[in-house]
Amino acid sequence: MNILLEFFVVTFRVLWAFVLAAAKWLVRPKEKSVAGQVCLITGAGSGLGRLFALEFARRRALLVLWDINTQSNEETAGMVRHIYREMAEEAAAATPGVAGDGEKDVLPHCNLQVYTYTCDVGKRENVYLTAERVRKEVGEVSVLVNNAGVVSGHHLLECPDELIERTMMVNCHAHFWTTKAFLPKMLEMNHGHIVTVASSLGLFSTAGVEDYCASKFGAVGFHESLSHELKAAEKDGIKTTLVCPYLVDTGMFRGCRIRKEIEPFLPPLKPEYCVKQAMRAILTDQPMICTPRLMYMVTFMKSILPFEAVVCMYRFLGADKCMYPFIAQRKQATNNNEAKNGI
């Protein structure tokens with residue numbers, strides 16, 4: 001094709017993409033069904049991972065829960081089973097004469113199960129071995145939610161090397177391993193969805209959490225490159241969604257504070273709100289979701305403003321040292337534990 005003609009075609013497609021994006025703001029896209037599909041969630045034992053599990057359960061997905069903490073993972077599974085039972089009972093009530101009685105009959109009627117696996121996603125071989133078990137015991141995964149995350153809570157020069165490595169392994173490298181484990185079948189079927197739960201700190205950074213920011217920037221870069229690779233391979237049946245929330249009130253960054261005059265306008269996000277927004281994006285095949293929407297503006301301004309201008313904005317907002325109270329709390333907690341243990 002003549003390059004000039006191709007240029008006009010590309011220009012039209014870019015403008016049309018803007019039109020479609022604007023249309024989605026006005027007309028809410030229809031959510032797709034994940035009923036009966038195998039959905040695997042890492043870090044499902046608490047926080048956002050647990051809430052994702054409950055949301056997918058309400059949409060009748062078959063759940064596979066991974067977490068390093070067996071007890072908390074089983075607690076999440078218990079909540080999921082409760083949702084399954086409620087749905088089965090509602091279906092039975094709506095169809096008289098079909099339902100049995102008791103838990104034994106309710107779950108098979110619903111035809112949904114939840115599987116739990118204790119897995120340290122920071123260890124490559126553990127991921128591959130557990131993935132193989134999932135394929136044998138459950139089946140192929142259709143929806144992969146890479147959610148597991150950790151934070152060290154130390155300034156760079158005070159952070160032990162093993163904690164830096166741990167942060168990078170869990171928050172970034174694990175995405176490579178889980179994707180390599182489950183993507184081949186998705187490619188074969190040209191069907192699936194890969195969700196990367198990153199952070200606004202994967203789009204812009206702040207002081208005191210170098211390891212965490214680096215790991216989240218890595219997760220964002222991995223996700224974007226993977227999305228482009230799927231497009232280049234013309235595997236349009238495999239969708240990807242990048243989730244980048246602002247500070248979420250899960251306790252992970254307890255103590256983190258921006259300027260007190262600004263905080264009422266930009267408070268920590270409620271976990272339930274964050275997950276509901278993310279679920280809407282996933283079920284409408286939205287490529288990326290930043291919560292709140294202000295994060296899009298912050299990312300854009302960071303890209304076009306001089307660095308010194310960004311520093312001035314950070315200082316005005318109190319974002320330059322927002323992690324320092326959190327780090328101080330973590331350090332105090334560590335010192336108290338050492339004193340309690342007589343170290």
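1. A cavity is taken here, on a 1 Å grid over the protein atoms alone, as a set of points where a 1.4 Å probe fits but cannot get out; grid points are joined across faces, edges and corners, and a volume is the space filled by probe spheres set on the points. With that definition, a search of the whole structure finds one cavity of 30 Å³ or more, and the volume of the largest cavity is about 30 Å³.

2. This is a predicted model, in which local features need pLDDT of at least 70 and side-chain atom pairs count only at pLDDT 80 or more, while totals for chains, interfaces and linings use all residues. Residues are numbered from 1 along each chain as its sequence is written, and side-chain values use heavy atoms, with hydrogens and water left out.

3. The lining of the largest cavity (residues with an atom within 4 Å of a point) consists of T42, V121, N146, N147, A148, V170, A174, H175 and T178. Helix α6, residues 161-189, gives the most to this lining, with four residues; helices here are DSSP runs of H or I with at least four residues. By class, the lining has four nonpolar, five polar and no charged residues, where Asp, Glu, Lys and Arg count as charged, Ala, Val, Leu, Ile, Met, Phe, Trp, Tyr, Cys and Pro as nonpolar, and the others, Gly among them, as polar.

4. T179 also lies in helix α6, and T179 counts as buried because its relative accessibility is 3%, buried meaning under 20% relative accessible area with a 1.4 Å probe and protein chains only. Leaving aside residues up to four places away in sequence, T179 touches L144, N146, P184, I194, F222 and L226, a contact being heavy atoms within 4.5 Å.

Conventions. 1 Å grid on protein atoms, 1.4 Å probe; cavity = no way out; pocket = protein on both sides within 12 Å on 5 of 7 lines; lining within 4 Å. Helix = DSSP H or I, 4+ residues; strand = E, 2+ residues; numbered from the N terminus. Buried < 20%, exposed > 50% of the residue type's maximum accessible area, 1.4 Å probe, protein only.
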